[in-house]
Amino acid sequence: MLRLDHLVKKFGGLTATNDVTLDFPAGTLSAIIGPNGAGKTTLFNQITGHLVPTSGKIVFAGEDITGMKPAAIVRKGIGRAFQVANIFPTMTVEEALASAVSAHAHAAFELSSAFPRRDVKTRTEELLALLGMEPVARRISGEISHGDQKLLDVGLALALDPKLLLLDEPAAGMGPEERWQMMDTVQRLWKSQNMTLIFIEHDIDLVFRTAEIIHVLRYGAVLASGQADEIRGNPEVIEAYLGSETDATEADSREEPA
Amino acid sequence: MLNIDALMNCFGNSACLVTQSATGLIIGMLLFLVASGVTLIFGVLHVVNFAHGAFYMIGAYAAYSAYGVTGNYYLSVLAGAVAAAIVGVLFERLAISRVYKENLLMQLLVCYAFVLICDDAVKIIWGAEYLAMGIPSEFRVPPLRIAGGVVPPFYLFLAGSALAVAILSVILIRYSRFGKIVRAAAENATMVSVLGIRVPLYFAALFGLGCALAGMAGALAAPVRSLTPGMGLSILIESFIVTVIGGMGSIPGALLAAILLGFTRSFGSVGFPLFVDGAMFLMMVVILVFRPQGLLGERMVR
Amino acid sequence: MNLAHPFVRAAGLALVCFVLLIVLALVYPGTWLLDTLTGLFASGLLVMSLHLLVGYTGLVSFGHAAYFASGGYIFGMFLQTPDIVAAFGAWSVPVATLLALLGTGLFALVVGLICARLSEIYFAFLTLAFQMLLVSVIQGLVQYTGGDQGLMGGIPRPEFLGLDMVQVKDRFVFSAFLFLAGVLVIRLVTLSSLGATLRMVRDNEVRTAFLGVNTYRVKVLAFTIAGAVAGLGGVILAILTSAAYPEWAGWAVSGEAIFTIMLGGLHSFYGPLVGVVVMRFINDVTLIYTTHTDLAKGVAILFVVLVLRRGILDWIIDLRAARRGRKEDDNVSRALSKAGKEAEDAAS
Ligand SMILES: Nc1ncnc2c1ncn2[C@@H]1O[C@H](COP(=O)(O)OP(=O)(O)OP(=O)(O)O)[C@@H](O)[C@H]1O
Ligand SMILES: [Mg+2]
């Protein structure tokens with residue numbers, strides 16, 4: 001589904017993505033882990049067209065999408081939720097989701113239909129149910145809990161019926177209870193929606209439990225790739241990442257550098 | 001609309017060249033003084049002071065009255081600056097400081113209300129008619145003749161003092177203790193207030209300083225401009241043009257743009273008298289379209 | 001016809017208003033109220049169309065008066081050309097109106113294409129610059145526009161459909177029609193799918209782009225529609241005054257339009273109209289006692305900003321919501337949105 005081919009991204013002297021070659025087969029649920037500043041978000045930013053790679057190629061569904069504009073890439077079927085909930089603060093949850101659905105249904109510029117169009121409304125209700133967000137549907141997005149805002153962000157991406165969904169630390173900044181719930185939801189969404197999903201997460205336990213395939217990133221380069229067991233047993237990973245550092249990075253939710 | 005011949009004649013004639021350049025220079029320097037006030041307040045407090053023109057007007061009228069009483073021009077200029085500073089501090093304390101945290105529109109609205117009130121207050125105190133102060137007695141001396149052109153010594157005084165004061169205040173903000181405190185407070189008010197410094201006072205003082213610059217510009221200009229309620233509007237717009245063309249927050253940029261505008265005005269009145277304003281706005285359009293960060297601005301704009 | 005459909009309801013409301021205004025014109029004996037209302041229609045369209053940009057799309061334009069003036073000038077210059085009027089005869093006024101609408105829309109489209117690339121304060125300044133440029137051009141092209149003096153000598157307005165624009169009642173009815181048509185267009189835009197896109201751009205433009213929407217195009221479209229409707233406002237004023245002046249494109253007009261919106265309420269559809277009426281009211285009442293209307297407006301605005309801290313209609317809606325919230329002991333924010341919706345529904 002998605003293939004990264006010798007991807008390099010340099011910010012001045014800093015190499016944020018260092019010769020990354022990764023393959024994400026269709027229908028898989030993969031995780032990317034790595035310490036703060038490892039270049040995880042930067043990787044996403046390149047896939048979604050936020051940043052243009054210094055060199056290398058991004059191939060999605062057989063097509064080279066390197067250097068395309070974000071809006072164009074979205075239309076190819078790549079949806080994304082952000083590390084810091086990126087929502088529409090004055091709209092209600094329902095309205096925000098419906099707007100996203102509407103945009104996906106090519107109604108963004110439509111003057112002839114009242115908002116939300118009937119098909120848009122139906123799909124929005126489906127999404128609300130899928131996300132379990134009916135109780136907060138009529139609340140103002142900017143005023144709901146942090147966890148709900150992160151979920152709404154995922155919902156906005158989901159509204160586009162993406163073939164590939166990228167989630168940047170969906171559980172960041174949540175309490176332990178909420179984190180587990182969030183990962184359950186992610187897994188449920190992935191199963192029910194028949195898509196390829198990649199998420200970024202610091203918490204090793206969450207990742208091991210949720211993901212099929214795990215890629216460990218350090219200093220912009222891929223340190224290891226494989227299933228939970230392989231990663232768990234990889235001495236390099238243990239040394240570099242599973243050491244004492246985990247606790248420090250867990251609760252972190254820094255601003256998006258984009 | 002365009003009179004190329006007249007313009008070319010002027011360029012070819014040293015007398016015209018000198019006279020127009022002198023005019024351009026004082027327009028530019030006064031504009032720079034006003035714009036540096038806008039830039040100071042924006043640069044430190046991040047407030048776009050849309051009421052800046054009103055302080056220019058207050059300075060001019062205060063100077064007019066002070067000159068009538070004392071007959072001393074230097075005192076009048078001081079009076080103009082002080083009056084603007086006092087009103088500025090009051091305005092900051094009573095109104096603007098309450099909307100520092102609000103959005104741009106709220107600040108705009110408060111400034112607009114203040115401008116409306118000031119314009120009418122001036123009408124009530126000084127009347128709605130045009131007032132003229134005339135060249136002060138200190139400067140009623142024969143003009144200098146340079147290469148055939150006429151340059152009144154008063155012009156030189158104007159340009160010189162405007163430039164000097166603007167640069168002095170910039171130095172004050174950059175290097176003095178006061179400047180350092182107020183800039184730090186704008187970055188992180190809580191941190192600075194913990195040190196026992198009364199932050200609101202510093203903000204008010206800085207705002208007052210910015211207004212004093214406008215007031216002084218108004219006072220300096222009073223002898224060569226007619227005074228009218230609403231005179232602040234055109235100077236406000238021009239100082240915005242200067243800030244935008246020069247680059248928001250850049251003092252050297254403002255200086256460059258002010259001179260550019262001054263010369264456009266003075267030579268434009270020869271070559272395209274009906275389109276002088278138009279030329280300025282055209283410059284602003286071209287800059288914003290092709291180089292939105294301004295001539296010397298560094299901030300990146302999407 | 002589906003009476004529950006928002007479009008149908010909005011159009012129905014406009015129609016009812018139109019009928020009521022016609023009745024008013026028929027029964028009202030004098031002229032004062034009718035001409036006052038006609039003037040309010042003109043500023044109403046200016047302000048409502050600007051609200052589409054400021055309130056719904058998050059685009060703060062400092063130069064909206066340019067399109068208002070453009071409408072008035074196109075209308076006036078067209079009708080002041082004897083040959084054209086001779087050619088169109090009784091259709092002159094409708095054709096001129098249509099031309100003003102389209103011409104202004106085109107003008108706004110061109111400016112929008114240039115301005116929409118910039119963000120926030122730079123966008124505001126660029127729109128301002130274009131507006132001032134228009135003032136300069138009007139003042140400079142004396143032989144066509146009358147320069148500083150404006151389009152003098154009256155604008156010929158041949159009778160059409162039995163309406164004679166010299167008659168107060170007739171021009172009131174025609175202006176009411178234009179006004180309601182303009183407001184209806186804006187209402188439909190806000191109710192449509194495009195309207196939701198505008199609100200997305202206002203709330204979070206970057207995220208909107210990430211939903212695959214070309215936000216630049218959204219902004220240009222909003223700018224064009226708003227400009228065209230503002231032009232219709234200019235047509236009304238040109239009909240009323242039988243003239244057009246460069247001041248119509250001036251800074252003061254744009255400024256006052258923004259403040260009127262803020263005064264009336266930025267977050268409600270009809271807030272700006274409340275603002276127009278309040279501004280006019282303050283103006284006229286003050287004039288009874290003194291000429292210092294600006295002073296009164298300034299004090300009123302300061303009161304609204306510093307005491308109410310929001311526009312008048314927004315304040316009323318919030319107040320009602322708060323009261324209801326206390327009564328029902330309900331979640332305040334939910335009540336807020338509910339009351340806001342109800343107020344809009346009740347009004348439409
Ligand atoms: N636009 C940018 N310009 C310059 N440097 C950048 C930019 N974006 C990211 N960086 C740098 O690249 C490195 C990788 O950042 P990135 O945000 O990808 O890390 P991350 O793995 O997502 O970290 P975290 O876990 O904290 O989110 C960091 O050192 C960051 O400072
Ligand atoms: Mg990150």
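**Notebook: chain B, then Ser193(C)**

I started with contacts in chain B: of those with a separation of 6 or more, 76% join residues 24 or more positions apart. I keep in mind that this is a predicted model.

Next I looked up the secondary structure. Chain B holds 12 helices and 2 strands. I read the order along the sequence as α-α-α-α-α-β-β-α-α-α-α-α-α-α.

Then I turned to overall dimensions. I found that the C-alpha trace of chain B spans about 65 × 50 × 35 Å along its principal axes.

I checked burial and surface together. Of the 302 residues in chain B, 56% are buried. The accessible surface of chain B is about 12500 Å². Carbon and sulfur atoms supply 68% of that surface.

I noted 16 positive and 11 negative side chains in chain B. The centres of these two sets lie 10 Å apart.

Last, I moved to one residue in another chain. Ser193(C) sits in helix α9 of chain C, which covers residues 193–203. Is Ser193(C) buried or exposed? I found a relative accessible area of 0%, so Ser193(C) is buried, the cut-off being under 20%.

I then listed what Ser193(C) touches, leaving out residues up to four places away in sequence. The contacts are Ser102(A), Ala107(A), Ala108(A), Glu110(A), Ser113(A), Ala114(A) and Phe115(A). I note that these residues belong to chain A, whereas Ser193(C) belongs to chain C.

How values were computed: Residues numbered from 1 in each chain as written. Chains lettered and ligands numbered in written order. Predicted model: local features only at pLDDT ≥ 70, side-chain atom pairs only at ≥ 80, totals over all residues. Heavy atoms only, no water. Helix = DSSP H or I, 4+ residues; strand = E, 2+ residues; numbered from the N terminus. Buried < 20%, exposed > 50% of the residue type's maximum accessible area, 1.4 Å probe, protein only. Contact = heavy atoms within 4.5 Å. Areas by Shrake-Rupley, 256 points an atom, 1.4 Å probe, with all protein chains shown as cover. Lys, Arg positive; Asp, Glu negative; His and termini not counted. Charge placed at Lys NZ, Arg CZ, Asp CG, Glu CD.
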